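Here is my notebook page for today. I looked up a few backbone and packing details and jotted them down as I went.

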Amino acid sequence: MKNSSLIRLALVFALCAMLMTPVVTAQMTGTEGKMSMEGKTTMEGKIPITTSSKQAMEYFLKGRDLAERLRAPEARTWFEKAVAEDPDFALAHLLLAQVQPTARGFFEHLDKALALTDKVSEGEKLMILGSQAGAGANPMKQREIYTKLVGMYPNDERAHNLLGTNHFGQQEWDEAIKEYKTVTKINPDFSQAYNQMGYAYRTLEKYDEAEKAFQTYISLIPDDPNPYDSYAELLMKMGRYQESIENYRKALKLNPTFAASHIGIATNLNYMGKYKEARDQLQTMYANATDDGQRRASLFATAVSHVNEGNMMAALDEINKMYTIAQKNNDHASMSGDLVTMGNILLEDGQYDKALTHFTKSVTVINESNLDEDVKEATRRNNLYNEGRVAVMRGDLATAGTKAEQYLAAATKINNSNEIRLAHELQGMIAMEQKDYKTAHANLLKSNQQNPQNIFRMAAVYQGQGDKAKAKEMCQMTTNFNALNSLNQAFATHKAKKMMAGL
């Protein structure tokens, strides 16, 4: 499991994706110390933990330990007990938000934590406000908050872990690694940091360093499933599919309901061309799911498998099932995210009008919800990107250009680097349609390099310039990218294989 980058609809996608992909629940603080008369647990150099109940504190610490080991369903039980004992336990509400199976649950408990910020220490308040900034797709505001937190508590490993994960989410891998190394110096037994460090090294293609980090992670908590899951994802990235599956199975032996490992096995099987076996694995996951979050994750992974096999309509059916679950739960954030996913599938299938209808409805669903205005604004802002893509596919480059300019200006205003990358992606797509390959190349270099679709677009640029060797190289990079459970990978792989056949 790794931290979900909240890239495109930083809120909606993050919260949906955290149930589909490995996620680090980093909102942890403090270590057990003595409870003061004011109800704060204190330890020198650590962020205080405020509660009026010793029993609630005991439940909280048990939940925190499980959450830090990414055992969310178990952690959720203890956090629920903590807030039942002390309804004003702000950090328990914050951590309970992070382990929710639905986006709706996340927002409900985040709102409760926010309402309690006048009853906690400054450190706890900063943690809560940082989470709010992330949910509102404002990573630089979040960084400002977490930097202040680290300044106040330089010897708190969890404060540094938060700042590192902010850098990680903005694809600032070296800065993230620096913070994670600080974490391990403060507390060599803090396992989360090794997990995230391994993913950062993996992204930098420093596979030996990634393996060392994951092996340390395994040695710290050998009886937990996630270390084997994370190492398995590294092996998959390296194309060692069978070894990857073996490690995912080690994780499932420890916890048969560990959703990420079912998805990991299915992803490997998809890359091996064993689509039915992949979906059989996901059906097992669905049948044994412990909550709607796991059921939705299984459906999404099944959709990815169908796209890998080239069956767009079967994929669309699975996302519709996800939408039905979200609708049943009155979960507007997840409903909006599902509509965007359906729009993406329809766009790839050439059904541009239907895609636009789904994108527009995704905004309507959010606007009609009681979610914070920052969340609504993030959704409206990212819809400029979606509308721009539809315009490109329709050949309406004037409209696409206007949308790209508006989106870049809005993303730049809040200094959201992930959204700025998306704006450059859109500008690159426009330039490609204009056969302005130099401009396309320049913009695509500024786009998200962790999106296999952009690697394929670079292949198309080289093909347009007549450089078949580079086009083939980029196609091979696309097909060998080996992203976990990625619709973008599935979309791009089909196009890359088709291009290579004609080179």
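In which loop is asparagine 482 found? I traced asparagine 482 to the loop between α25 (468–479) and α26 (487–502); helices here are DSSP runs of H or I with at least four residues, numbered from the N terminus.

A note on the model before going on. I am working with a predicted model, where local features need pLDDT of at least 70 and side-chain atom pairs count only at pLDDT 80 or more, while totals for chains, interfaces and linings use all residues. Residues are numbered from 1 along each chain as its sequence is written, and side-chain values use heavy atoms, with hydrogens and water left out.

I then checked asparagine 485, which is in the loop between α25 and α26. Asparagine 485 also has a positive phi of about 55° without being a glycine, and asparagine 485 is buried at 6% relative accessible area.

Next entry: a helix pair. How do α5 and α6 pack? I read an angle of about 140° between α5 (residues 103–115) and α6 (residues 122–135), with axes 10 Å apart; the axes are lines fitted to C-alpha atoms over the stretch in contact, and angles run from 0 to 180 degrees between N-to-C directions.

Conventions:
Helix = DSSP H or I, 4+ residues; strand = E, 2+ residues; numbered from the N terminus. Buried < 20%, exposed > 50% of the residue type's maximum accessible area, 1.4 Å probe, protein only.
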